[in-house]
Amino acid sequence: MSAYCGQYHDELIANASYIGTPGKGILAADESTGTIGKRLASINVENVEENRRALRELLFCTPGALQYLSGAILFEETLYQKTANGKPFVEVLKEGGVLPGIKVDKGTIELAGTNGETTTQGHDDLGKRCKKYYEAGARFAKWRAVLKIGPNEPSQLSINANADGLARYAIICQENGLVPIVEPEILVDGPHDIKKCADVTERVLAACYKALNDHHVLLEGTLLKPNMVTPGSESAKVAPEVIAEHTVRALQRTVPAAVPAIVFLSGGQSEEEATLNLNAMNKLKGKKPWSLSFSFGRALQQSTLKAWAGKEGNIDKARTAFLARCKANSEATLGTYKGDAAGGEGVSESLHVKDYKY
Amino acid sequence: MSAFVGKYADELIRTAKYIATPGKGILAADESTGTIGKRLSSINVENTEPNRQALRELLFTTFDALPSISGVILFEETLYQKTSAGKPFVDVLADNKVIPGIKVDKGIVELAGTNGETTTQGFDSLGARCQQYYKAGARFAKWRAVLKIGPTEPSELAIQQNAQGLARYAIICQENGLVPIVEPEILTDGNHDIKKCAAVTETVLAAVYKALNDHHVLLEGTLLKPNMVTPGSDSPKVAPAVVAEYTVGALRRTVPPAVPGIVFLSGGQSEEDATLNLNAMNKLGVLKPWTLSFSFGRALQQSTIKKWSGKKENVPSAQAAFLARCKANSEATLGKYAGCAADAAASESLYVKDYKY
């Protein structure tokens, strides 16, 4: 058999397709407890469950924001949390037409004998956990593989191990009703130019799609979450049109048309950069048989977090910032963003942290 | 470096794109001397150079047919032949905007330890030969890899060897200015159903595109020549719409959008079946980021050869038959074929068990 044909076949295809609806994208709100702690620390907020819950309520209950979202990735804790009024977050999202998703990996660990390269863990009992998450209302999952560019990186071992890990995760998700988002992130760290990033991205994506085929993954029921193709963090920046050209070309060379949507990660880009780059891609003429959208974490939440600063009195201000970014990115998926959200506070601030650990 | 960007990169991209022009397709006239001999003997014509030359002249001077043809694959002998008036075939083709191509493989050899599976040879001095062919006017090449479906076939060895072979051939072509047609033919022989053919086709194509990526092949400067996805030859036939659905589905799962065109082989299909299937694919309302066209040998020439029977006085009616098939397939690439070019010969199955080229 070539591709998965089990009980969830039609549902996976419908959900993946829905997430790729033009004008919509994904809010990546799946920061682990440790990671969200860093965000909260940056605004002097204590990393306790109530604060984590309050932040997510701020986001999910922003009036008018959910129409711009097709999915929200959650951390396990959040999947079971509720609003202050006692309404489960998954219900809030579903009522707003937003599919709940769940981060299912358990972080990266180093590959012995490499120069700090990693693979991702989380396969043990993954099927059982997916089943549970499906019962709790999740309909898609996310698993982050990480690669880096260096003189000898990414190594063939790293490429193979991460591609295989992604494929194994993907089929287990599909067997249990969750659309797998396939995320092979190539970190932006380094002095390399955009051509190098394009080269590595093409090789990594080719390996991913070969592995997905080997594992009988139903491509029509998956999403891809890649890095955009950009110069390294220590290299000179280039215009959004250049990023768009290199990114779309890399995808044309590697991503089969059966994949309904590509939802970019923002890496360390500022909110505004990420939006401008996505917009440029959607304005580009050329063959794009998949929709191009966003799955942003920092690039949707940064200015919102700053505006909130943990204070209830700032909620409206914070929600205004969040709505502005959601709307801007929605327009970017249609190639109609005019840059009018550029005035927000902190939107042009780089979010790059060297050797970023989630 | 990810993909080849040598001196021929722009030309390769332009040539591949031209060959993939909607409304046009490829005439596969690259039968080796041995194979064309079988065709000629089926109409009681001796396999001599003048007869081989006469057949190809008949085809290439059907001038009204040439607007439907973007490229012709030639055998080496034909690349250097002329019309009876002394005009080189490559010039006749160029005058009519038909790009000459050249078969560069040297046939298949068995893989020891398998159940009759094969790999394709032809690498020795391939670069030098491509350079020579480029000088003679060729601008694309073709290399046929063959796989089969069986209880344990295709084996991982057969898939890997053929995928690697195609990728190595492809990059050597690009280094020397020829657009490589990548042809991983999965034979129809067998009693398997269409789902099995689809599964095997997807597995094989995934391996092929991984190998092309490994070898830094510039996909925008290639074409794919796959089998259509059909039931096995010993299984009941299905409607063209079903062939279309499975074929396009398999290609959407494996062929990157960077590939400009897919030019199907006809395998053992009758002329009419091949055209109807191609037409159905182009009518399918699903997103297809490459053009879908033809690279037909038997399915363009069968009734033409029969009408000719080696006799000069039959040339006009033979050319009329050829024109009819060319037009029909041109329409099929646009999804506009109305099915009226059929006569008895056109509906005749061209299937030969365990076909050897």
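## Strand 1 of chain B and its partners

In this predicted model, strand 1 of chain B is joined to strand 2 (residues 69-74) of chain B by five bridges, and the two strands run parallel. Within this pairing, Ala28(B) of chain B has Ile73(B) in strand 2 as its bridge partner. Strand 1 of chain B is also joined to strand 10 (residues 291-296) of chain B, here by two bridges and again in a parallel arrangement, and in strand 10 it is Phe296(B) that stands opposite Leu27(B).

Strand 1 of chain B covers residues 25-29, and five of its five residues are buried, so the strand is largely enclosed by the rest of the structure.

## Helix 3 of chain A

Helix 3 of chain A runs over residues 49-60, and its twelve residues, at 1.5 Å a residue, should span 16 Å; the C-alpha atoms at its ends do lie 16 Å apart, which agrees with that expectation.

Ile186(A) belongs to strand 7 (residues 179-186) of chain A. Its relative accessibility is 5%, and because buried means under 20%, Ile186(A) counts as buried.

When neighbours within four places in sequence are left aside, the residues in contact with Ile186(A) are Leu147(A), Ile149(A), Val200(A), Thr201(A), Val204(A) and Asn227(A). Ile186(A) and Gly267(A), which are 81 residues apart in sequence, are 9.0 Å apart in space, taken from C-alpha to C-alpha.

## The interface of chains A and B

Between the two chains, 24 residues of chain B are in contact with 24 residues of chain A, and the area buried between them is about 2,000 Å², with carbon and sulfur atoms giving 55% of it. On the side of chain B, the residues that lose the most area to chain A are Arg252(B), Arg253(B) and Pro257(B), which together account for 31% of what that side buries.

As for polar interactions, ten residue pairs are in polar contact between chain B and chain A, counting pairs with both residues at pLDDT 80 or more, and the rule finds two salt bridges across the interface. In a salt bridge between the chains, the side chain of Glu220(B) meets that of Arg253(A), at 2.8 Å from N to O. Helix 8 (residues 194-214) of chain B supplies seven residues, the largest share of the side of chain B that touches chain A.

Technical notes
Residues are numbered from 1 along each chain as its sequence is written. Chains are lettered from A and ligands numbered from 1 in the order in which they are written. This is a predicted model: local features need pLDDT of at least 70, side-chain atom pairs count only at pLDDT 80 or more; totals for chains, interfaces and linings use all residues. Side-chain values use heavy atoms; hydrogens and water are left out. Buried means under 20% relative accessible area, exposed over 50%, partly exposed in between (1.4 Å probe, protein chains only). Helices (H or I, at least four residues) and strands (E, at least two) are DSSP runs, numbered from the N terminus. Two strands pair if DSSP finds at least two bridges between them. The expected span of a helix is 1.5 Å times one less than its number of residues. Contact means heavy atoms within 4.5 Å. Buried area is the accessible area (1.4 Å probe) that two parts lose on being put together, summed over both. A salt bridge is a side-chain nitrogen of Lys or Arg within 4 Å of a carboxyl oxygen of Asp or Glu. A polar contact is a pair of N or O atoms within 3.5 Å; within protein, one must be able to donate a hydrogen and the other to accept it, and residues adjacent in sequence count only if both atoms are side-chain atoms.
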